[in-house]
Amino acid sequence: MTPVLFAGLVFAWGFTWYAIKLQIGPVPMEASICYRFIVAALVMWAWLAATGRLKRARPAQHLWFALMGVSLFGLNFVLVYEATQYIASGIVSVLFSAATVFNAFNQWAFLGKRPTARMLAGAALGIAGIALLFGADFAEMEMAATVPLGIALALGGTFVFSLGNLVSLRATRGGLDLPNVVARGMSWGAAFLTLLALVRGGGFGIELTPAYILSLLYLAIPGSVLAFLAYLTLVGRIGADRAAYATVLFPVVALTVSTLLEGYVWTPAAIAGLPLILLGNLVIFAPPLRGRTTKTA
């Protein structure tokens with residue numbers, strides 16, 4: 001089941017990059033993200049009610065649901081989207097893949113789970129591969145005064161996402177199952193984004209075009225409901241550090257989609273990055289080699 005969840009997650013998030021591109025237009029960024037999680041939360045609540053799985057939560061648990069909503073379904077998206085205003089989305093993708101390292105060290109700092117050399121080596125290989133995939137973006141990057149701001153925003157969003165991983169572990173300890181926790185987390189995230197949009201004064205216009213509506217539905221249901229259920233299940237099963245390797249793999253799917261739909265041309269550096277990513281995946285997930293035992297007479 002774990003490989004199926006991981007593969008489904010990588011493909012679901014891999015297509016979100018193209019869907020997000022279709023969202024760019026007259027609608028303010030925070031409004032689009034807000035619509036995404038309002039729809040996702042409504043789908044979660046409707047599914048829980050229809051299947052009889054809806055459970056009550058204690059008032060004290062909402063602190064963790066709110067922290068989860070802000071970190072996983074709100075602030076991290078705002079920071080990452082803002083970063084793309086200053087640096088290329090490919091560079092943002094490279095920086096976001098650092099979630100594997102952030103998760104490893106946050107687990108160490110907050111949970112006392114020391115990262116293994118194998119996990120760090122695999123993450124380093126994967127991030128190096130992603131850097132090669134988006135090498136053209138690095139080559140074309142102009143060192144304007146706003147570039148450090150874009151890098152800081154992308155890393156800040158990635159770090160907030162990493163903290164949200166750990167918050168999700170705490171949020172599920174109160175007796176509720178993951179779907180009930182996610183429904184509440186998404187609702188708090190949508191509330192945070194609504195408040196942010198009001199404070200920033202961007203408005204809540206919507207673009208009633210097939211491209212915008214269909215991309216919104218994709219981002220809300222496969223890209224949020226299904227993907228986050230799969231991701232948070234993996235966090236609980238294999239740990240936040242290993243689950244976050246999906247952030248290294250899904251840009252490969254995104255580039256494949258771009259090849260088919262946008263005419264992206266693979267460079268030699270991009271092709272060289274693929275083996276490093278796959279090797280990093282092998283290092284992290286392959287079963288450990290067991291030492292041979294020798295019999296003595």
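Ile38 is located in helix α3, where helices are DSSP runs of H or I with at least four residues, strands are runs of E with at least two, and both are numbered from the N terminus. The model is a predicted one, in which local features need pLDDT of at least 70, side-chain atom pairs count only at pLDDT 80 or more, and totals for chains, interfaces and linings use all residues. Residues are numbered from 1 along each chain as its sequence is written, and side-chain values use heavy atoms, with hydrogens and water left out.

Because its relative accessibility is 33%, Ile38 counts as partly exposed; buried means under 20% relative accessible area, exposed over 50%, and partly exposed in between, with a 1.4 Å probe and protein chains only. Between the C-alpha atoms of Ile38 and Ala124 there are 36 Å, and the two residues are 86 residues apart along the chain.

The largest nonpolar core holds 75 residues. A nonpolar core is a set of buried Ala, Val, Leu, Ile, Met, Phe, Trp, Tyr and Cys residues joined through side-chain atoms within 4.5 Å. The members that touch the most other members are Phe37, Met68, Val182, Met186, Phe228 and Tyr231. With eleven residues, helix α11 (residues 210-238) gives the most to this core. Another core, of five residues, lies apart from the largest one and includes Val27, Ala31, Tyr212 and Leu216. In soluble globular proteins, nonpolar side chains tend to be buried together. When residues up to four places away in sequence are not counted, Met186 touches Phe37, Ala40, Ala41, Met44, Phe73, Ser224, Val225 and Phe228; contact means heavy atoms within 4.5 Å.

Aromatic pairs number 16 in the structure. Rings of Phe, Tyr and Trp (its six-membered ring) pair if their centres lie within 6.5 Å, and planes under 30 degrees apart count as stacked, over 60 as edge-to-face and the rest as tilted. Phe105 and Trp108 form a tilted pair, at 6.0 Å centre to centre and with 35° between the planes. Both residues of this pair lie in helix α6, three residues apart, about one turn of the helix. Phe105 is partly exposed because its relative accessible area is 36%, and Trp108 is partly exposed with 35%. One aromatic cluster is formed by Trp13, Trp17, Phe37, Phe73, Phe77, Phe96, Phe161, Phe228, Tyr231 and Phe250.

Helix α6 also contains Gln107. At 3% relative accessibility, Gln107 counts as buried. Its contacts, leaving aside neighbours within four places in sequence, are Gly112, Lys113, Leu166, Gly239, Ala240 and Asp241. Thr158 lies in helix α9 (residues 147-171) and is buried, with a relative accessible area of 0%. Apart from residues up to four places away in sequence, Thr158 touches Leu95, Phe96, Ala98, Ala99 and Phe102.

Tyr81 belongs to helix α4. As its relative accessible area is 15%, Tyr81 is buried. Beyond its neighbours within four places in sequence, Tyr81 is in contact with Ile20, Met29, Ile33 and Arg36. Tyr81 and Ile20 are 61 residues apart in sequence, and their C-alpha atoms are 9.4 Å apart in space.

Ile20 is also one of the residues closest to the centre of the largest pocket, together with Trp17, Lys21, Thr84 and Ser89. On a 1 Å grid over the protein atoms alone, a pocket is an open set of points where a 1.4 Å probe fits, with protein on both sides within 12 Å along at least five of seven lines, and lining residues have an atom within 4 Å of a point. The largest pocket holds about 1000 Å³ of space, a volume being the space filled by probe spheres set on the points, which are joined across faces, edges and corners. Its lining has 38 residues, and α2 gives the most, with six residues. The lining of the largest pocket divides into 21 nonpolar, twelve polar and five charged residues. Here Ala, Val, Leu, Ile, Met, Phe, Trp, Tyr, Cys and Pro count as nonpolar, Asp, Glu, Lys and Arg as charged, and the others, Gly among them, as polar.

The second largest pocket holds about 220 Å³ of space. Of its 15 lining residues, Thr116, Arg118, Met119, Arg242 and Ile284 lie nearest its centre. Helices α6 (99-111), α7 (117-133), α12 (240-243) and α14 (268-285) each supply at least two residues of this lining.
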